[in-house]
Amino acid sequence: GVSCPPHPVPRSFLLINMCFPCLFTISTAEVGVIEAFGKYSRLSQPGLGFICCPYEQLVGRLSFRVQQLDVRVETKTSDNVFITAVVSVQYQILHEKVFEAFYSLSNPTRQITAHVYDVIRSELPTLELDAVFEAKEDLAMAVKQSLSVTMSRYGYQILQTLITDLDPDQRVKNAMNEINSSKRLKFAIAERAEGDKILQVKRAEAEAEAKYLSGVGVAKQRKAIVDGLRSSIVDFSEGVEGTSSKDIMDLLLLTQYFDCIRDVGQEGHCKTTFVPSSRSTGDDVRNALLQAGAAK
């Protein structure tokens, strides 16, 4: 008998015989990273996948969903007011840079946080407190530009940065509210004074208009009285012969005098009426003394 020496078995054949498939699943909007013997091998897309165990290994998963990181930064303004700013960073992994996103950074959130701290603490100290609230959009744009330049090299896209909160010390907020309240009170007082001024002007204009109309009425009344007296004198002189115009005028004035005495006596606040009975000097002095005593 002839014996044949055994042939050596190739190492690749042994590895293939030692390999057995291991199944796994990748969710939608995710990608799996597979290594072979500790070296990057390939990416696994969403769905059912497999690796050849034991020399292949699924070492990680990356999500393409938009993620948000909220960073709280405390710093002070140029007028020495401490303020806490909350910056929200929305970012996403680039599809074409999955390798860089997985292997370049061990902790991407810490990298983003460091850049946010750097930008905010370099920009806010140059602004006063009132200007900070007005410059929110500029601050957010500065943070986005700084992050976009840096993180794009590592496979991350910065979609948006938002300054969601600016919170100074409570005592500072109380002082700002008091200042605002004082300004509004001052404005209200000025508006009220302006309203009073307008009312006084309108009241004065109304009084002037009333006096003008009253004067017009008095003038028309006197004209009507004169016309009536003229008509009465003409009618009386035509009806009674031998009377002069002076006699008729004296009679009319005496009639008006008695009408005036009657009207004064009918007034509720009138208590004493002095009617002169003669034209002597002694009577005038007596009436003056009586009127002075009544006035007391």
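The legends below describe close-up views of a predicted protein model.

**Figure 1. Overview of the predicted chain.**
The protein has 296 residues, and 22% of them are buried. Its secondary structure consists of 8 helices and 8 strands. Among contacts with a separation of 6 or more, 63% are between residues 24 or more positions apart. The protein exposes about 21200 Å², of which carbon and sulfur atoms supply 56%.

**Figure 2. The salt bridge between Arg-65 and Glu-30.**
Side chains of opposite charge can pair when their charged atoms come close. The structure holds 3 salt bridges, and this view shows the one that Arg-65 forms with Glu-30. The closest N and O atoms of the pair are 3.9 Å apart. Arg-65 sits in the loop between β5 (56–63) and β6, while Glu-30 belongs to strand β2 (residues 30–36). The two residues are 35 residues apart, and the pair links distant parts of the chain. Arg-65 is partly exposed, with a relative accessible area of 46%. Glu-30 has a relative accessibility of 17%, so Glu-30 counts as buried, the cut-off for buried being under 20%.

**Figure 3. The salt bridge between Arg-42 and Glu-56.**
The side chains of Arg-42 and Glu-56 meet in a salt bridge, with 3.2 Å from N to O. Arg-42 counts as partly exposed, at 30% relative accessibility. Glu-56 is buried, with a relative accessible area of 11%.

Glu-205 forms a salt bridge with Lys-202, and their closest N and O atoms are 3.8 Å apart. Both residues lie in helix α6 (residues 170–239). They are 3 residues apart, which is about one turn of the helix. Glu-205 counts as partly exposed, at 44% relative accessibility.

**Figure 4. The nonpolar surface patch.**
Tyr-40, Leu-43, Val-59, Phe-99 and Tyr-103 make a nonpolar surface patch of about 380 Å². The elements that give two or more residues to this patch are β3 (39–44) and α2 (98–103). Tyr-40 lies in strand β3. Tyr-40 has a relative accessible area of 30% and is partly exposed.

**Figure 5. Ser-44 and its contacts.**
Ser-44 is also placed in strand β3. With a relative accessible area of 6%, Ser-44 is buried. Leaving aside neighbours within four places in sequence, Ser-44 is in contact with Phe-24, Ile-26, Val-31, Gly-32 and Ile-34.

Asp-79, Glu-128, Asp-130 and Glu-134 form a negative surface patch. Asp-79 is in the loop between β6 (67–76) and β7 (82–93). At 35% relative accessibility, Asp-79 counts as partly exposed. Asn-80 lies in the loop between β6 and β7 too. The phi angle of Asn-80 is near 60 degrees, a positive value in a residue other than glycine. Asn-80 counts as exposed, at 54% relative accessibility.

**Figure 6. Phe-82 in strand β7.**
Phe-82 is found in strand β7. Phe-82 is exposed because its relative accessible area is 51%, and the cut-off for exposed is over 50%. Apart from neighbours within four places in sequence, Phe-82 is in contact with Glu-74, Thr-75, Lys-76, Pro-168 and Asp-169. The C-alpha atoms of Phe-82 and Leu-129 are separated by 9.1 Å, and these two residues are 47 residues apart along the chain.

Phe-37 is found in the loop between β2 and β3. Phe-37 is a residue other than glycine with a positive phi, near 55 degrees. Phe-37 is exposed, with a relative accessible area of 67%. At another point of the backbone, a cis peptide bond joins Cys-53 and Pro-54. The omega angle of this bond is about 10 degrees. Pro-54 is placed in the loop between β4 (47–53) and β5.

Conventions: Residues numbered from 1 in each chain as written. Predicted model: local features only at pLDDT ≥ 70, side-chain atom pairs only at ≥ 80, totals over all residues. Heavy atoms only, no water. Helix = DSSP H or I, 4+ residues; strand = E, 2+ residues; numbered from the N terminus. Buried < 20%, exposed > 50% of the residue type's maximum accessible area, 1.4 Å probe, protein only. Contact = heavy atoms within 4.5 Å. Areas by Shrake-Rupley, 256 points an atom, 1.4 Å probe, with all protein chains shown as cover. Patch = residues over 30% accessible without salt bridge, like charges linked within 9 Å, V, L, I, M, F, W, Y side chains within 5 Å. Salt bridge = Lys/Arg side-chain N within 4 Å of Asp/Glu carboxyl O. Lys, Arg positive; Asp, Glu negative; His and termini not counted. Charge placed at Lys NZ, Arg CZ, Asp CG, Glu CD.
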